[in-house]
Amino acid sequence: MNHTEQALPAAERRRMTSRELVVWRSLIDTTAELRRRLAAQLAADSGLSPGDYAVLLALSEAPGRRLRSSELAAAIDWERSRLSHHLGRMEKRGLIERAECVTDSRGAEVVLSEEGARIFRAATAPHARGIKQHFGDALSPAQFEALDDILQTLDRHLEATR
């Protein structure tokens, strides 16, 4: 990278350098590997998929452990059709229930079942240990601070361009 490119803010450069593209690809590959390892460990420890865990987490944090489907889809950033199919499979396994919405008779709510809550609680500690093992243990406190700064910068940039 020449001196002029270094002086320009990242947003004003015409294109990414080959080194920057290598870093981007490394980010994509590394996060995919982290997700793969954590998903495999979650399944082995609890029988849950990452999608199951995301649904159960959102429901466990919701008031009354229930959300409308549209709210749940927004909370986990899924399309409603994908969520609907996934909820059907989770309902058959007894992890969630569907109930009429108390505030709108046309709608339905997704409710965390007792079995779903039990399985979620049992999965949480092993999942947290997996995150520590595959992510947390690899980074120093200074690297965590740098990563936090990078992620906040990216978040602000994405928010500004929405």
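This is a predicted model: local features need pLDDT of at least 70, side-chain atom pairs count only at pLDDT 80 or more; totals for chains, interfaces and linings use all residues.
**View A. H127 in helix α6.** Helix α6 covers residues 114–134, and H127 is part of it. The relative accessibility of H127 is 17%, so this residue counts as buried; the cut-off for buried is under 20%. Beyond its neighbours within four places in sequence, H127 makes contact with L38, L42 and Y53.

View B. L27 belongs to helix α2, which runs over residues 18–46. With a relative accessible area of 42%, L27 is partly exposed.

**View C. Packing of helices α4 and α5.** Helix α4 spans residues 69–76, and helix α5 spans residues 80–92. Their axes lie 10 Å apart and form an angle of about 105°. The two helices are therefore roughly perpendicular to each other, a label that applies from 65 to 115 degrees. On the α4 side, the meeting residues are S69, S70, L72, A73 and I76. On the α5 side, they are R80, L83 and L87.

**View D. R65 in the loop between α3 and β1.** The loop that holds R65 sits between α3 (50–61) and β1 (66–68). R65 has 26% relative accessibility, so R65 counts as partly exposed. Leaving out residues up to four places away in sequence, R65 touches L59, V110, V111, L112, S113, E114 and A117. G88 is 23 residues from R65 along the chain, and the C-alpha atoms of the two are separated by 18 Å.

Notes:
Residues are numbered from 1 along each chain as its sequence is written. Side-chain values use heavy atoms; hydrogens and water are left out. Helices (H or I, at least four residues) and strands (E, at least two) are DSSP runs, numbered from the N terminus. Buried means under 20% relative accessible area, exposed over 50%, partly exposed in between (1.4 Å probe, protein chains only). Contact means heavy atoms within 4.5 Å. Axes are lines fitted to C-alpha atoms, for helices over the stretch in contact, and angles run from 0 to 180 degrees between N-to-C directions. Angles under 35 degrees count as roughly parallel, over 145 as roughly antiparallel, 65 to 115 as roughly perpendicular and the rest as oblique.
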